[in-house]
Amino acid sequence: CPNKFNPDQRNTDSQDGGDVCDSCPEDATDTCNTSYTAGSFITTSGGTLTSSNDNITMSVAAGATTGSSFAFQQAATSDLKLKTGSTSLLSLLIEPSGVTFGAPVTITAKFDAAGMTKSQIKNVSFFLKRTDGTWEKLSTTQAEINTDGIGDNDGVCEPGELCQATTLTSHFTPYDLGVPDA
């Protein structure tokens with residue numbers, strides 16, 4: 001995609017001309033769910049990436065990077081349930097992995113709280129996968145999406161409502177949004 005600014009030309013899967021243009025930046029077969037992908041070069045001024053289905057947003061604060069290609073896609077599988085007893089709502093692969101940022105990056109994902117208990121909703125959390133294969137639960141906030149026309153629009157995520165979870169991170173690894181089993 002010659003019209004997209006991409007000076008570092010990061011190309012994680014070694015095909016399709018770089019992560020910012022690749023429909024599946026972590027998958028050389030391009031079989032990922034492309035509605036959960038996004039890519040862009042983010043400068044020192046910061047910026048935002050949003051998936052085409054508007055369910056995932058990543059906000060990079062000014063000063064977080066000296067300029068880098070950022071990309072994410074939905075992961076095909078997750079071992080979160082096996083390792084923590086939590087069911088995966090959404091697994092993400094995010095680039096650039098292994099880089100520590102100068103300011104926290106905000107990740108927000110929408111989820112449907114239908115069929116969840118209040119206790120499960122309160123414990124919906126982002127998890128990051130450590131290099132040793134274990135999962136670390138991150139501090140996560142949950143809120144009702146007040147513009148969706150569903151629920152009571154009080155800002156509190158409750159059963160049957162469309163909600164969002166938000167976390168801050170200083171580096172990328174595989175991430176998962178999980179809910180404890182009932």
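This dialogue covers one loop and the nonpolar core of a predicted model.

Colleague: What should I keep in mind about the model before reading it?

Modeller: The model is predicted, so local features need pLDDT of at least 70 and side-chain atom pairs count only at pLDDT 80 or more, while totals for chains, interfaces and linings use all residues. Residues are numbered from 1 along each chain as its sequence is written, and side-chain values use heavy atoms, with hydrogens and water left out.

Colleague: Which phi does D54 have, and where is D54 placed?

Modeller: Most residues other than glycine have a negative phi. D54, although not a glycine, has a positive phi of about 65°, and its place is the loop between strand 2 (47-50) and strand 3 (56-60), where strands are DSSP runs of E, at least two residues, numbered from the N terminus.

Colleague: Which residues have the most contacts inside the largest nonpolar core?

Modeller: In soluble globular proteins, nonpolar side chains tend to be buried together. A nonpolar core is a set of buried Ala, Val, Leu, Ile, Met, Phe, Trp, Tyr and Cys residues joined through side-chain atoms within 4.5 Å; the largest has 33 residues, and M58, F111 and F172 have the most contacts inside it. Strand 6 gives the most to this core, with six residues.

How values were computed. Helix = DSSP H or I, 4+ residues; strand = E, 2+ residues; numbered from the N terminus. Buried < 20%, exposed > 50% of the residue type's maximum accessible area, 1.4 Å probe, protein only.
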